[in-house]
Amino acid sequence: MHQPPPDTPLQSKLPVKLPHGLQRFLGELGPGLITGAADDDPSGISTYSVAGASYGYATLWTALLSFPLMAAVQLMCARLGMVTGCGLASVIRTHYPRWILWFACTLVVVANVFNIGADLGGMADAMQMVTGIRSYFWTPFLAVVITGLLFWTSYRRMAQIFKWLTLVLFAYVITAFLARPDWAAVARATFIPHMEWNKNYIAILVGILGTTISPYLFFWQAAQEVEEDRDHGKMTVAQRRGSTNKELRIARRDVITGMSLSNLIMYFLILTTAATLHANGTKNIETAKQAAEALRPLAGKGAYWLFTLGIIGTGMLAVPVLAGSSAYAIAEGSKWRSASLNLKPPLARKFYAVIAIAIFLGLTFNFAKLNAVKMLFWSAVLNGLLAPPLVIMVVLLTSDRRVMGNRVNSFGTRALGWMCALIMSVAALALLISLG
């Protein structure tokens, strides 16, 4: 299912000849890599930038906390899709009451639309910084381009584009080194957790957890495992059901690689803004655009350009995932038979209509004069509040032999899943108490 033939387009189009083992590894990367990279979207960049500017290196330790939790949950979602042959919403529909299904799907879609709006706005701001043309014109242009990509590009081609687009994320690693951080302070903050019991710090923590371990990624991951099977000719649930040990090992490498990338970029984004903005007294930035503009005099024009172009690239990666995960959730919940990115729009009209509507609604937020910072904040809060019950459902489903057969979770994976639900629940509750 996940192992491509030796002459896959990805491998044949590699710019240089790579060792066979590395070439095979790159060819096997897919849903997990794209899911992890999409997590570092412009709204995530804003959240991490605010964390670094506001509290310096103090939140670096969260990358070490979030990685195993995020990897465990995404691996459970991947295994769920591979073993059952169905997406997450389909499995929830089969095993839980309808009100639970639609409550989860509705909140995911609402959070996604807010995220799409924030991401389109962030990309448009970055385009204005690059071209000088007002963001007002860029927002609808980007929405149309992304919608067209989803409507008229095949899943295989889209996956190839997305896979290579993840390279743009390394711009933030390079930017961090250009910023010349205090490495001793970085090491201390990485391995010694720092907590502050005030509303702002707790909001930052919930924002980091909510934008890192996001529910839309759960739906996307499982759905893309199903799409991988469809891409290999397994069109029915019966054909897709079940996975070999080899397929599960490949999926595990794919997911861990994607989540490693996601948390690595998160870490270096916090580090970059801490080493430049916070260290020079700029602590009140509110957007990624402000962070990029503030970087120019502190870290040089190279860092500024890398940071700015990274916003555009990650948005191109994330908005299709946000819109697509909304469509998968609604389509699976409604039991639509034609719901796949492998199908052309005329063959899956309702599915693609959800994608278009989600992007259009996100676009309207940018013209409704809503505060972009509040959009980002409430999107993160919605994700943070929704994630715990969904994580619980994912753990229960993937630990149930009636669902997974003999592919149920290991003790370690199950423990990490419960830990993720507990930590995110406590953080969300602490935020609600502090706001009250």
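In the predicted model, Q74 is buried, with a relative accessible area of 1%. This value falls in the buried class because that class comprises residues under 20% relative accessible area. Q74 belongs to helix α5, which spans residues 61-84. Leaving aside residues up to four places away in sequence, the contacts of Q74 are with T35, L217, F218, Q221, V255 and M259.

Helix α5 also takes part in covering helix α11. The latter helix runs over residues 183-191, and A185, V186, A189 and T190 are buried within it. When α11 is viewed down its axis, these buried residues fall within an arc of 135 degrees, so they line one face of the helix. The elements that cover the buried residues of α11 include α5 and α15, the latter formed by residues 245-276.

A further helix pair is formed by α10 (residues 171-178) and α17 (residues 301-334), which pack with their axes 9 Å apart and at an angle of about 155 degrees. That angle makes α10 roughly antiparallel to α17, because angles over 145 degrees are assigned to this class. The crossing of α10 past α17 is left-handed. On the α10 side, the contact is made by A171, Y172, I174, T175 and L178; on the α17 side, G302, A303, L306, F307, G310 and I311 contribute. By residue class, the contact of α10 with α17 consists of 8 nonpolar and 3 polar residues, with no charged residues.

Definitions and conventions:
Residues are numbered from 1 along each chain as its sequence is written. This is a predicted model: local features need pLDDT of at least 70, side-chain atom pairs count only at pLDDT 80 or more; totals for chains, interfaces and linings use all residues. Side-chain values use heavy atoms; hydrogens and water are left out. Helices (H or I, at least four residues) and strands (E, at least two) are DSSP runs, numbered from the N terminus. Buried means under 20% relative accessible area, exposed over 50%, partly exposed in between (1.4 Å probe, protein chains only). Contact means heavy atoms within 4.5 Å. Axes are lines fitted to C-alpha atoms, for helices over the stretch in contact, and angles run from 0 to 180 degrees between N-to-C directions. Angles under 35 degrees count as roughly parallel, over 145 as roughly antiparallel, 65 to 115 as roughly perpendicular and the rest as oblique. A crossing is left-handed if the near helix is turned anticlockwise from the far one by less than a right angle, and right-handed if clockwise. Ala, Val, Leu, Ile, Met, Phe, Trp, Tyr, Cys and Pro count as nonpolar, Asp, Glu, Lys and Arg as charged, and the others, Gly among them, as polar. The arc is that of the directions from the helix axis to the C-beta atoms.
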